[in-house]
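Please look through the structure shown below, and keep the sequence at hand while reading.

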Amino acid sequence: MLTTMEKLLSVAYKEKFSVGSFNIANSEFVSAVIQTAEKERSPAILQIHPNEIALMGDEFAAYVVQAANRANVPIVIHLDHGGDLNDIVRAIRNGFTSVMIDGSHLPYEENIAITREAVKIAHSQHISVEGELGTIGDTGTGSEGAGEEILFTDPEQARDFVEKTNVDTLAIAIGTSHGIYPKSMKPKLQIERLSQIYENVNIPLVLHGGSDNSDDDIRESTKYGVGKINLSSEMKRAFFTELRNTLSKNPDGYEPDALFPSSREAAMSIISKKMRLFGSSGKADLYQPMQL
């Protein structure tokens, strides 16, 4: 069942669980996420970065829309890190039901201006909008890109930003980074900062860089308004590690139906684990089809 982010997260925010937002670079990941969501009876977000649209083309978006409509659990199709208003318009035309405009790298007032304009465009089509305030780190292993250092979200500024832009969700920086953390880097989320942001805004919050953080930190974050947690690297690592293992045993293999099934299962195992950690497993039945 295809729905909007606003409808999806209004339940998660009220019930204090998070919904996984999984970057889907091809049809294997679409199938992995939806099949796992249906098995876990969990809502899910299919997240597509502009890099992934550039790789797969607009036809891929049409396939994702059809797959989401056929799912028997609530599904959102979300644009991840839209860089400008052209990305926003393209996603809306492709049937996305949620978009992110990332002006976090801009001066504060410019971030407000571009986010407000994205909200104006998207809300006219009943599409949800995610903004970002502060910048998360970059381990150098992901493709999303980020700043070299984390610029933590200021709780008071978060309130001002939400009031001036009217965004539906807000991505915040409290200590996460894109990609897989090297062994020398141990992330620690600033839960106290998160609780202060939660007190200052009344919309669902978003954690980017959900891979490789401690289960305790992630579990704790769901108590303070985090309704959406992005996951990409950890899921993709499981898929391609297993694919490499399969190819090492069968170096001359080339048939997808022989090479991909175990890789999809490896990805699904991670997705299942995360849905349970985020608290979304079993929550699909909280959504009434007529309300979606």
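K16 is partly exposed, because its relative accessible area is 42%, and partly exposed means between the limits for buried (under 20% relative accessible area) and exposed (over 50%), found with a 1.4 Å probe and protein chains only. The model is predicted, so local features need pLDDT of at least 70 and side-chain atom pairs count only at pLDDT 80 or more, while totals for chains, interfaces and linings use all residues. Residues are numbered from 1 along each chain as its sequence is written, and side-chain values use heavy atoms, with hydrogens and water left out.

K16 lies in the loop between helix 1 and strand 1. Helices (H or I, at least four residues) and strands (E, at least two) are DSSP runs, numbered from the N terminus. The phi of K16 is near 60°, a positive value in a residue other than glycine. Most residues other than glycine have a negative phi. R41 also has a positive phi, about 55°, and is not a glycine. This residue, R41, sits in the loop between helix 2 (27-40) and strand 2 (44-48). R41 counts as partly exposed because its relative accessibility is 27%.

The loop that holds K16 also holds S18, between helix 1 (5-15) and strand 1 (19-23). Is S18 buried or exposed? S18 counts as buried, because its relative accessibility is 0%. Leaving out residues up to four places away in sequence, S18 touches T222, V226, G227, K228, I229, F278 and S280; contact means heavy atoms within 4.5 Å.

H208 is another loop residue, placed between strand 9 (205-207) and helix 9 (215-221). It is buried, because its relative accessible area is 2%. Which side chains does the side chain of H208 meet in polar contacts? One is the side chain of H81, at 3.0 Å, and another is the side chain of E130, at 2.7 Å.

Two phenylalanines come next. F60 lies in helix 4 (residues 58-70) and counts as buried, because its relative accessibility is 6%. Not counting residues up to four places away in sequence, F60 touches I24, A25, N26, S27, V30 and I48. From S27, F60 is 33 residues away along the chain, with 8.2 Å between the C-alpha atoms. F260 is found in the loop between helix 11 (256-259) and helix 12 (261-278), and counts as partly exposed because its relative accessibility is 25%. Apart from neighbours within four places in sequence, F260 is in contact with E28, F239 and L243. E28 and F260 are 232 residues apart along the chain, yet their C-alpha atoms are separated by 7.9 Å.

Now consider how helices pack. Two packed helices are described by the angle between their axes and the distance between the axes. Axes are lines fitted to C-alpha atoms, for helices over the stretch in contact, and angles run from 0 to 180 degrees between N-to-C directions. Helix 7 (residues 155-165) and helix 8 (residues 191-200) pack at about 35°, with axes 8 Å apart. The contact is made by P155, E156, A158 and R159 of helix 7 and by R193, Q196, I197 and N200 of helix 8. Helix 7 also packs with helix 6: these axes come within 9 Å and cross at roughly 35°. Here Y108, E109, N111, I112, T115, R116 and V119 in helix 6 meet Q157, D160, F161, K164 and T165 in helix 7.

Finally, the whole chain. The protein chain has twelve helices and ten strands, and buried residues make up 55% of its 292 residues. Of the contacts with a separation of 6 or more, 74% are between residues 24 or more positions apart. The chain averages a pLDDT (the predictor's confidence in each residue, from 0 to 100) of 90, and 89% of the residues score at least 70.

Methods. Polar contact = N/O pair within 3.5 Å; in protein donor to acceptor, adjacent residues only side chain to side chain.
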